Amino acid sequence: MPTLICGSIAFDNIMVFHDRFKNHILPEQIHILNVAFLVPEMRREFGGCAGNIAYNLKLLGGDPLIMATVGDDADPYLVRLDDHGLTRAHVRRIAGSFTAQAFITTDLDDNQITAFHPGAMMYSHLNRVADVEGATLGIVAPDGRDGMLQHAQDLAAAAVPFVFDPGQGLPMFSGDDLMNFMHLANFACFNDYEAKLLCDRTGRSIEELAGEVEALVITLGGAGSRIYAGGRCHEIPCVQADAVVDPTGCGDAYRAGLLYGIAAGWHWEKIGQLAAVMGALKIAHRGGQNHRPSRNQIANLFARAFGEAPW
């Protein structure tokens, strides 16, 4: 069952400063701030919400179709998609632009300074859902503002059920915008901070918002997640990871589990459990796409956590 993943493709450039920012930023000189940090450690990760979600859904045996925009520098990412059997039929290259990318500098206290360049992501509205054949499920993940609005409208018009997942893009939208997304979507997913912001922006409670969709999912980090569906709240426990290495991309791994379970027609508790398993597998590795569990390994962790295999 092809699943359309509308969202960003991005490079994450991660650097480590072997000192503390506070030793180099003078509070009394903050009005003329001019600092440089030597970062001997640097790595580039493949990321972006669409890329991460599709990668994880492929691990599960799903059929993801990525809809995203990239720049002139995207060749390494496009080769990676080919290597992992991920179609790029709906990945549009925007000439004269860079692929979206984050530049993250971390110090010894785990403080971070991040700069994000959206680049080609701002042209995501040029991609049209009508150009995709056969999609039976979709997700609108963080992307350019106009693209997110366009793709939600297009999916609803095509009667393709979809998950609304604004992530870090949520602050771009007004309360009216957010309620429109909730009316169009079949499912919605937020972390706990985003859920509070959603309530503030819309003036609605979680219970009221849950009534707008078939299922409203709220992730709670190490406290697990909640799925409001069918008039009840399903409490999904966190799955114990082998190690806690890097939370980057855990939310995307979780969403891949949701999409797989929805497409398979599972009940919501089982869907949430698979999503939690995918988050636990990801957090034990650096970056959003460096974990490589087989379906058997995924099933084994599910069975250890919940008493029986998922398939």
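User: Is Phe17 buried or exposed?
Analyst: Phe17 is buried, with a relative accessible area of 6%. Buried means under 20% relative accessible area, exposed over 50% and partly exposed in between, with a 1.4 Å probe and protein chains only. This is a predicted model, in which local features need pLDDT of at least 70, side-chain atom pairs count only at pLDDT 80 or more, and totals for chains, interfaces and linings use all residues. Residues are numbered from 1 along each chain as its sequence is written, and side-chain values use heavy atoms, without hydrogens and water.
User: How many aromatic pairs does the structure hold?
Analyst: There are 14 aromatic pairs. Rings of Phe, Tyr and Trp (its six-membered ring) pair if their centres lie within 6.5 Å; planes under 30 degrees apart count as stacked, over 60 as edge-to-face and the rest as tilted.
User: Why do Phe17 and Phe21 count as stacked?
Analyst: Their ring centres are 5.8 Å apart and their planes are at 10°, so the pair is stacked. Phe21 is buried, with a relative accessible area of 6%.
User: What about Phe164 and Phe181?
Analyst: Phe164 and Phe181 form a stacked pair, at 4.3 Å centre to centre and 10° between the planes. Both Phe164 and Phe181 are buried.
User: Which aromatic cluster includes Phe164?
Analyst: Phe164 forms one aromatic cluster with Phe173, Phe181 and Phe190.
User: Changing topic, what lies over the face of Trp266?
Analyst: Lys270 does, at 4.1 Å from the ring centre. A charge sits over a ring if NZ of Lys or CZ of Arg is within 6 Å of the ring centre and within 35 degrees of the ring normal.
User: And over Trp311?
Analyst: Arg295 lies over the face of Trp311, at 4.1 Å from the ring centre.
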